[in-house]
Amino acid sequence: MRVKMILPALTEAESPFWRPIKYSLFPPLGLATLAAYLNPDDEIDLQDQHVEELNLNDNPDLVIIQIYITNAYRAYKIADHYRQQGAYVLLGGVHVTSLPDEASQHADSIFLGPGEETFPQFLKDFKNKHPKKVYISAIRTLHQIPLIRRDLIKRSRYLVPNSIVVTRGCPHHCNFCYKDAFFKGGKAFYTQVVDDALAEIDRLPGRHLYFLDDHLLGNEKFASELFEGMKGMNRVFQGAATVNSILQGDLIEKAAEAGLRSLFVGFETFSPANLKQSNKSQNLEKDYIKAVNRLHSLGIMINGSFVFGLDDDDNDVFKRTVDWGVKNSITTSTYHVLTPYPGTKLFKDMESQGRILTHNWDLYDTRNVVYQTTKLTADELKNGYNWAYKEFYSWTNIIKSSINHESHMHKLKHFIYTGGWKKFEPVWNFLIKTKSLNNMLPILESILTKVNPRETRFQMTKTILAK
Ligand code: SF4
């Protein structure tokens, strides 16, 4: 059987105003995971439109398309094209799960929720010529799942080909997050067997890993055993976790010991009213600065996530947030305009209040205002968001933020990481065009090496340049 698997590009990934590098970081692991259930004799062509031009002049028997919100219209067009050619088309992903009626108009079968149980079921039905129109995930487990077909991934086109997911979902219920909508009707947080996760890590070449788990520290027992097993593997890794999990117990120390060097942290807002509106109770009354200091003391760089436009935000929120990030040496900040994704509690609340202004999913990219704001006007919110990015990543603030660290090594690492990420766009574009992005990995690995307090600034620079 000829199988085509496609991740269509997000609309913003192809806009001239946004940065191609942001969309060339991680390969489509979800599709490569599903590919593992196919027959080894099947001819599989996995295409990711973020890093390659799609070839639609082929004739597959089965087409599988993954949909996030802003690639929905593009995905539907591709689906329609292949259906007209007589291929059997499957659609899945968060957007399909949130809006099954919309998606099913463009598909022969749709998949709601994760596909580890339903996709093999579909393959059986397809073989028996009785596939169903809708497959709903009910059993959630990562036990004995087949090995991800990483051989289908074009490694050289990604900065971080060694991305990995060892859990699914998250134990929390923030009401702007897709998680509850996607995992509705079954377990919303579950993990791999630790030994399987360690074996998967062991199979990955090089040193660097990026855990794409929503909350790597979400299950204390699992994370603790995972980090114990990773000690001595000589890995450096990045991941995501909550403020709360950084402050509790000694899990973060164990993570640092295993090689954690940079963490995505969802601070989101400083306002208790906003946290309550978002049902983000895990951040309520938590000492953000204490969490930041703890990470810095372990040599872990921080990517802080912040949301603008919650109902308690006023015009000062942008400056307050940028100043806080610079003062506390947050390495990189990711800002978002609040976006009520369909299927979330936030969307339902706003819809019932008549606050949803558009159903054009292309605009649901966390850069546009798609709902009726309260204290801020839509223009103030959009302009403030743009201002925050520009201001946080100004050279003045990159330098200020870097020199706030105590050790020289930290200062230098911060400066190179932030400056490199945001200020060398032509270099990134060149590497993407020449399909050689992966050549930057050794530099990333050296920036993520452990901070040695006795190492001088000169030695550190030498180490980085030597790679
Ligand atoms: S903590 Fe993060 S992943 Fe978990 S529900 Fe909240 S936003 Fe979603």
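## Basis of the description

Because the model is predicted, local features need pLDDT of at least 70 and side-chain atom pairs count only at pLDDT 80 or more, while totals for chains, interfaces and linings use all residues. Residues are numbered from 1 along each chain as its sequence is written.

## Domains

The domain assignment gives domain 1 (2-136), domain 2 (159-403) and domain 3 (417-466), with bounds that come from an automatic or database domain assignment. The C-alpha centres of domain 2 and domain 3 lie 23 Å apart. Between these two domains, 14 residues of domain 2 are in contact with 15 residues of domain 3, where contact is defined as two C-beta atoms, placed from the backbone, lying within 7 Å. The side of domain 2 that touches domain 3 consists of 6 nonpolar, 6 polar and 2 charged residues; here Ala, Val, Leu, Ile, Met, Phe, Trp, Tyr, Cys and Pro count as nonpolar, Asp, Glu, Lys and Arg as charged, and the others, Gly among them, as polar.

## The sheet that contains β1

An open sheet of 6 strands runs in the order β2-β1-β3-β4-β5-β6, and its pairing is parallel. The edges are taken by β2 (43-48) and β6 (134-136), each of which has a single partner strand, so one side of each is left without a neighbour in the sheet. On average, and with direction ignored, neighbouring strands of this sheet are turned by 15 degrees against each other. The strands named here (E, at least two residues), like the helices (H or I, at least four residues), are DSSP runs numbered from the N terminus, and two strands pair if DSSP finds at least two bridges between them.

Strand β1 (residues 2-7) is joined to the parallel strand β3 (residues 62-66) by 4 bridges, and Lys4 has Val63 of β3 as its bridge partner. Helix α2 (residues 72-84) packs on the sheet, touching β1, β3 and β4 (88-92), and its direction makes about 160 degrees with that of β4; such angles run from 0 to 180 degrees between N-to-C directions, with axes fitted to C-alpha atoms, for helices over the stretch in contact. Strand β3 also pairs with β4 in the parallel sense, over 5 bridges, and Ile65 stands opposite Leu91 in β4.

A residue is called buried if 20 or more other C-beta atoms, placed from the backbone, lie within 10 Å of its own, exposed if 12 or fewer do, and partly exposed in between.

Val3 belongs to β1 and is buried because 21 other C-beta atoms lie within 10 Å. Beyond its neighbours within four places in sequence, Val3 is in contact with residues including Leu38, Ile44, Leu62 and Ile64.

Strands β10 (residues 208-211) and β11 (residues 236-241) pair over 3 bridges in the parallel sense, and Tyr210 has Gln238 as its bridge partner in β11.

In helix α10 (residues 251-258), the residues Ile252, Lys254, Ala255, Ala256 and Ala258 are buried. The buried residues of α10 pack against α8 (220-230), α9 (243-247), β12 (260-268) and α12 (288-297). Just after α10, Gly259 takes a positive phi of about 125 degrees.

## Positive phi outside glycine

Asn234 is not a glycine, yet it has a positive phi of about 60 degrees. This residue is found in the loop between α8 and β11, and Asn234 is exposed because 8 other C-beta atoms lie within 10 Å.

Glu268, also not a glycine, has a positive phi of about 65 degrees. Glu268 is placed in strand β12 and is buried, with 22 other C-beta atoms within 10 Å.

## The ligand shell

Among the residues around the ligand are Cys170, His172, His173, Asp214 and Gly266, a residue being included if its C-beta atom, placed from the backbone, lies within 6 Å of the molecule. The shell divides into 3 nonpolar, 5 polar and 2 charged residues.
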